[in-house]
Amino acid sequence: MIKSNIVLVIIFILVSGSIRAQTPSYSIEVSAVVVENLRLITVRDLDLYSPSVQGSVIIVNPITSTYAGLFKIQGSPNRTIRINYTPRESIIEQNEGLGVVQALYSMSAAGEDIQSGSFLLTQGSADVTIGALGEVFIWLGAEFDISQAAQGNYLSQFVLEFEYI
């Protein structure tokens, strides 16, 4: 691997030398400025093993349940961001495809890490203001209807998109 790097360097020197022979001088300027950055930190995953099943539904309330997932978004203080996610999905059993779990996601937010003081977000797309300390906390809850589920593996990926507005 070291030999291949040396060969590439030598080829680059030869190519750049031939370019200089043809062109007396040239200048290229490249710059990039990151105006504002957002950062997502997963503090706690959504726990679907511990909550009790109520009839054929598993309920994790984002405001009251200790099983809710928790994210922290860091950004510019007092700026508004838009959060987008898919609120509903059908999760099909992976091996034989015999079962289906219906998922309905919900989220709440607060400028501080106080879940009981959070407010419920509009499903699918919501605008949230980052707190004075440059943070906003997001709790993820869900209702999973397992009435059509069969024993097996159910895989899902929750996608959360956010941007300044």
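Guide: The discussion below moves from the overall fold to individual residues and pairs.

Guide: This is a predicted model, in which local features need pLDDT of at least 70 and side-chain atom pairs count only at pLDDT 80 or more, while totals for chains, interfaces and linings use all residues. Residues are numbered from 1 along each chain as its sequence is written, and side-chain values use heavy atoms, with hydrogens and water left out.

Visitor: What percentage of the residues in the chain is buried?

Guide: A residue is buried under 20% relative accessible area, exposed over 50%, and partly exposed in between, with a 1.4 Å probe and protein chains only. Of the 165 residues in the chain, 28% are buried. As for the whole surface, accessible areas come from the Shrake-Rupley method with a 1.4 Å probe, and for residues only the protein chains shown count as cover. The accessible surface of the chain is about 11100 Å², and carbon and sulfur atoms account for 54% of that area.

Visitor: Which residues are in contact with proline 62, leaving aside its neighbours within four places in sequence?

Guide: Contact means heavy atoms within 4.5 Å. Proline 62 sits in the loop between β3 (57-60) and β4, and is buried at a relative accessible area of 4%. With neighbours within four places in sequence set aside, the contacts of proline 62 are Ala68, Ser106, Met107, Ser108, Gln115, Ser118, Leu120, Trp139, Leu140 and Gly141. The C-alpha atom of proline 62 is 9.0 Å from that of serine 116, a residue 54 positions away along the chain. For the chain, 77% of contacts between residues at least 6 apart in sequence join residues at least 24 apart.

Visitor: How many aromatic pairs does the structure hold?

Guide: Rings of Phe, Tyr and Trp (its six-membered ring) pair if their centres lie within 6.5 Å; planes under 30 degrees apart are stacked, over 60 edge-to-face, and the rest tilted. The structure has four such pairs. In one of them, the rings of tyrosine 85 and phenylalanine 158 have centres 5.7 Å apart and planes at 45°, so this pair is tilted. Its members are 73 residues apart, with tyrosine 85 in strand β5 (residues 80-85) and phenylalanine 158 in the loop between β10 (135-145) and β11 (160-164). Tyrosine 85 is buried at 7% relative accessibility, whereas phenylalanine 158 is partly exposed at 22%. Ring pairs join Tyr85, Tyr105, Phe144 and Phe158 into a cluster.

Visitor: How many salt bridges are there?

Guide: A salt bridge is a side-chain nitrogen of Lys or Arg within 4 Å of a carboxyl oxygen of Asp or Glu. By this rule there are two. Lysine 72 pairs with glutamate 135, with the closest N and O atoms 3.5 Å apart. This pair links strand β4, which holds lysine 72, to strand β10, which holds glutamate 135, across 63 residues. Lysine 72 is buried at 18% relative accessibility, and glutamate 135 is partly exposed at 21%. Arginine 82 forms a salt bridge with aspartate 127, the closest N and O atoms being 2.8 Å apart. Because arginine 82 lies in strand β5 and aspartate 127 in strand β9 (residues 125-129), the pair ties together parts 45 residues apart in sequence.

Notes:
Helix = DSSP H or I, 4+ residues; strand = E, 2+ residues; numbered from the N terminus.
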